[in-house]
Amino acid sequence: MAPPRNIREASIQNTPEYTEFIQKLTEYHERRGTHFEPEPRVGAKHVDLLHLFKTVVDRGGYDKVSEEKLAWRKLGQDFNLGTNNLPALAFSLKTAYYKNLAAYEISSIHGKEPPPKEILEDTTAKGGGLLTRTLENYRPSARATLGNDHSEASGDDGTPDRQRNASEETPGSGGRVTRGLRHAPPQRILFQPETSSRQTRNVSATSHAPSPQHHPNHHQQHQPRGASTSYNPNMEHQSLAVTNYEPRPQMPLTLRPVITPGNNAAEFAKRQKLMKDAALSASGRAQAAGRGGIMLPGSGFDGPNIYVRCLCALRSGIPAEQDYALHHLVKISMERGDKYRFEGFPGLAEALIEKVLEVSSLFYKVDWQVLYMDDVATPGADIINGLDGTPDILRKIATLPKIDVDDNIQTAEFSDALLQINEAALTIRNMAMLEENAYYVSEMLPLRDFLSIALNLPNLDCVVELKHYALDIAEQLTKYLHFDETDPLYISLLAQLCDNDRGAILTALRAISRISMNLEENNLLKGVPIKVIQNIIDWTLLNDEDLVHACLDFLYQYTAVVDNVDFLISEVQVEPLVNQLVRLLMHNAEKKEKTHFSGYPTRIQMPPQIARLPRELLTQLLALQEPERSSQWLRSLFEEDPDEKITQIALWQAYQACFASHAAQTNVPLLAAADFIKNVSTTFQDKAAAQVQQGLIQKFIIKGIRYRITPIDMKGEEFSKCLWRSPGGESCGEFFMSPEAMYQHILKDHQGANQLEDGKFENTAGDYTCRWDRCHRFETEHATTLLQLARHIKVHLPPKPSSTKIPPNYFGPPPVKKLKPSYLIPPPSHSLEEIQTAMDERKEAAGIPLSAVLVLRNLARNLAKTEAEEIAMKLEGGISWVDKLFKPVERRLFEIMAHNRSLLPYVTDLLGTAGKDP
């Protein structure tokens, strides 16, 4: 029953809508048997339930608001509940809605049955999920049973934990970001004494009684019996006052952790020191002089993060500190290279570049100094310009005095220094794999100077690793750089193409091909030596797909410039290159035949009756058990056809006609009619459905199957029909799988031949004719012996069953043969042979063939613009370079255009550019 209403505050407007809403709530709680407070008090104010209900429903309902963090606190601010202890006020507001409006919302808004009051109004408002709460899945928490509702008064079901407020481990943050490097010590578990085993005599038994378990029958609840409780088995007749009685909430036991060296070593040491100082003061002895409040290193704060620590260690010059820094930077760049950016941590890239520049000190008597000032009049031989770069870096390297280094054995100091340089270069290489970092360091001119230095180190085995790191860095940077033919890094990359290291050649080719890729300037590739071009042409002959692809990418950009094509045909023999490019158009080509049909397939009408069951197949079916036997029988004599139908009675009668005699002999009953019809849909995977055909005569049919023209065996192979005709003109109609069985059938059953004990037939004389359908042999001149007829009969025998080819390493079940509909006769067809080369997901040309045809197209376009072409055409009887290069391969290009569909548009464009009308 609803209690008497309190005096309404001015903030609650007594409108007809409000009065009607409160009346509905009062009646609803009376029917539900729950306590209803029309104007609940939250803090110093009474809450307007109508306004609260509309606000919560507009925000998605109680569950939606409870799932959102701090949502009830925001509601408390909207209702002007005050700012003093807002979490407690928010929880009180949530409790007011939970007790008075939650069940009504579920019934009126969501149209569902609310949970029983034992797990709704009688419990705490902590949590949400009321729409899915049931007696089976809901268990009140231990804190809720203690009755301390205000301990959870955060307004959003809890305070955000420490993990949620932690840093997102972004570069430069002060939090722990190297989880794989320095682990935090494991959290100590506070000691909590067991309070259930030791009980005082003054504690009431109800404080230790477990919360009652709720069952579907809510009229009986078994309460615990103890010394301070009374047991009444007839709980149904208790008064309403007893039912609504709520005991006073009990205070929870407060546990405080004991400070020990295990769980809080710093606090324990501090307390021990205070106790020791107090003991010294009490004894009158003098206390040792303190340090005057000076903070010792490593005390009072966690210190810098790992990135600041590595940067300071790297710049310290101390070998041990630098080892520490480089070890962790390499690990960070490998594990977090996709998130760690140079621009988020200034100074690290410069420090790494300064470190890798120390490599020159190992092989030359020099100590590079990076200056970022433009007022140096005469820079020295050991100066690197950090603002404008060092364009004469190669000249400086050539004039440096060398240090004699033994490549077989080095000192420990040399090895340690080279190891640090390799780790610094590896860190830059790993970080440059991220596009943002590559663009960031591409603007650092000292890094370009280092790449030139590293690529021009002495040809020793100990620097191979560093050279590869430098080439990897250059491959990522050149897309943002533009070079002229005098650039030191460009010259150094071209020099790598005269090396014997495949990895260095491949990476250098890729780096050169990527020059200015992301810029508006074109990659002109000027000043390439003749030796380099000849090497690239020779490498296209190798059976190395990666190297050939890199060479073709270089040639594509090189031949896009007219001056380069003029230099190419003037200094190098281009005919072998063109021939090789034409051969590469068929790289990894596969010949495939495609069948093209002219017209549409012809449909054969369904036979009027079921095909005769072959004796060989009948023997195999009789060895099976039901329902597998009926399923195999259906597969052998019927096939799927969505346009045909068979009556259920005809299907059932055909099944009985085949197996009734065998069932009578073996006393094994056949499938019942209902089970058999159900098995039809199971056999054909629900493509055959039992239906009722409406009309003058109602018929029960199976829709989606038809009679097979020719039966198939259990492997899907078709039987062959005997077309021998009797003297009356009737066809035999027997089916056989093997040619031997049909051969014996014709001689024995149709010719009455006598078979001897050795299996051969007796060659008898007589008048023999061939009665095979539409066979005219022996019509005018009959065979005189059985042997003559037997030799002729073999031309009518079916071929042997085809065996499915199984791979030699295949150990699974034999693959199922895919059967085509036998009632469809394909139209006339013709086969065309096509050549397929590499294609992408859009079925367009890709890979080496595409690169080769693009290089040929560049040559055909730019040959006519060269000076060599003009000179050749001015000579008497001169031959154009286009005809000289493309006339010998013209026929081959037409063949490729006709058979390779993916290269068709490119080869057509090539022939049109070369002046050959395709």
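Buried means under 20% relative accessible area, exposed over 50%, and partly exposed in between (1.4 Å probe, protein chains only). The views show a predicted model, in which local features need pLDDT of at least 70, side-chain atom pairs count only at pLDDT 80 or more, and totals for chains, interfaces and linings use all residues. Residues are numbered from 1 along each chain as its sequence is written, and side-chain values use heavy atoms, with hydrogens and water left out.

**The whole chain.** The chain holds 35 helices and 15 strands; helices (H or I, at least four residues) and strands (E, at least two) are DSSP runs, numbered from the N terminus. Of its 918 residues, 39% count as buried. Contact means heavy atoms within 4.5 Å. Of the contacts between residues at least 6 apart in sequence, 68% join residues at least 24 apart.

The whole structure contains 25 aromatic pairs. Rings of Phe, Tyr and Trp (its six-membered ring) pair if their centres lie within 6.5 Å; planes under 30 degrees apart are stacked, over 60 edge-to-face, and the rest tilted. Phe554 and Tyr558 form a stacked pair, at 5.9 Å centre to centre with 15° between the planes. Both residues belong to helix α22 (residues 545-558), where they are four residues apart, about one turn of the helix. Phe554 and Tyr558 are both buried.

**The three-stranded sheet β7-β9-β8.** This open sheet has antiparallel pairing; two strands pair if DSSP finds at least two bridges between them. β7 (638-647) and β8 (689-693) are the edge strands, each with a single partner, so one side of each has no neighbour in the sheet. Neighbouring strands are turned by 40° against each other on average, direction ignored. Axes are lines fitted to C-alpha atoms, for helices over the stretch in contact, and angles run from 0 to 180 degrees between N-to-C directions. Six antiparallel bridges join β7 to β9 (residues 699-707). Phe638 stands opposite Tyr707 in β9.

**Two helices on the sheet.** Helix α26 (residues 628-637) lies across β7 and β9 and runs at about 100° to β7. Helix α27 (residues 648-666) also packs on the sheet; it touches β7, β8 and β9, and its direction makes about 110° with that of β7. In the loop between α25 (615-622) and α26 lies Pro627. The peptide bond between Glu626 and Pro627 is cis, with omega about 5°.

**Nonpolar cores.** A nonpolar core is a set of buried Ala, Val, Leu, Ile, Met, Phe, Trp, Tyr and Cys residues joined through side-chain atoms within 4.5 Å. The largest core has 132 residues, of which Phe363, Leu497, Leu509 and Phe886 touch the most other members. Leaving aside neighbours within four places in sequence, Leu509 contacts Leu497, Ile536, Trp539, Leu547, Ala550, Cys551 and Phe554. Another core, of 36 residues, lies apart from it and includes Leu75, Phe79, Phe91 and Ala103.

**Surroundings of Ala474.** Ala474 is part of helix α18 (residues 464-477). With a relative accessible area of 1%, Ala474 is buried. Beyond its neighbours within four places in sequence, Ala474 is in contact with Leu451, Leu493 and Ala511. Leu451 is 23 residues from Ala474 along the chain, and their C-alpha atoms are separated by 7.3 Å.

**Charges over aromatic rings.** A charge sits over a ring if NZ of Lys or CZ of Arg is within 6 Å of the ring centre and within 35 degrees of the ring normal. Arg777 lies over the face of Phe778, at 4.7 Å from the ring centre. Lys884 lies over the face of Trp881, at 4.5 Å from the ring centre.

**Positive phi in two loops.** Leu70 is not a glycine, yet its phi is positive, about 65°. Leu70 sits in the loop between α3 (62-67) and α4 (71-78) and is partly exposed, with a relative accessible area of 33%. Asn588, also a residue other than glycine, has a positive phi near 55°. Asn588 is in the loop between α24 (575-584) and β5 (590-597) and counts as exposed at 54% relative accessibility.
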